[in-house]
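Me: Please present the structure under discussion, so that its core and helices can be examined in turn.

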Amino acid sequence: MFSNEAAVDVIRDVVQEVRKGLPFTVDAWVLLPNHIHAVWTLPEGDTNFSKRWGLIKATFAKRVVAVGMVTTGESLWQPRFWEHRIRDERDFAAHIEYVYINPVKHGLAASVVDWPWSSFHRDVKRGLFPANWGSGIDVDESRQYGEPTDQQSGHCPP
Ligand code: NI
């Protein structure tokens, strides 16, 4: 789905809209053809991650149908998501790095900077990462990051 440039614009708009009603900070996110990885910070005392994600999914589905990109919003999304609460600064940094290196891990880009649909570019502008970041960095495969399994991947229409 997110290999489609128009769909990328829609999801970006929808996230902005949802954030107006239910604030959260997008610390990092990456859009991949059949899944998304994101690190969010919710307001103090608010842990309602699922409500936000549900609203994003529902609004996105309605929107892409409305603009005629698809005929039905059903089955646009895998009916699962994986959620992990960040434990500390180190865990936070590890997850952000995992998000940014993901297109390389999935074989979709040769280097992190080559993947356009990532907040990595924003963070480079902010001086948080060098533009050439990611070469020589190994993903810790022993950790669980909620990647879709083979059976689940490809569920979304291309
Ligand atoms: Ni992934």
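Reply: A nonpolar core is a set of buried Ala, Val, Leu, Ile, Met, Phe, Trp, Tyr and Cys residues joined through C-beta atoms within 7 Å. A residue is buried if 20 or more other C-beta atoms, placed from the backbone, lie within 10 Å of its own. This is a predicted model: local features need pLDDT of at least 70, side-chain atom pairs count only at pLDDT 80 or more, and totals for chains, interfaces and linings use all residues. Residues are numbered from 1 along each chain as its sequence is written.

Me: Which element gives the most residues to the largest nonpolar core?

Reply: The largest nonpolar core has 25 residues, and Ile11, Val14, Val30, Val99 and Tyr100 have the most contacts inside it. At least two residues each come from helix H1 (5-21), strand E1 (25-31), helix H2 (49-66) and helix H3 (89-105); helices (H or I, at least four residues) and strands (E, at least two) are DSSP runs, numbered from the N terminus. With six residues, the element that gives the most is H1.

Me: Where in H3 does the kink lie?

Reply: H3 has 17 residues and reaches 23 Å from its first C-alpha to its last, close to the 24 Å expected at 1.5 Å a residue, the expected span being 1.5 Å times one less than the number of residues. The bend at a residue is the angle between axes fitted to the seven residues ending there and the seven starting there. Shortly before the proline Pro103, a kink of about 35° lies at Val99.

Me: What share of the residues in the chain is buried?

Reply: Among the buried residues of H3 are His95, Ile96 and Pro103. Of the 158 residues in the chain, the buried share is 22%.

Key
Buried ≥ 20, exposed ≤ 12 C-beta atoms within 10 Å, placed from the backbone.
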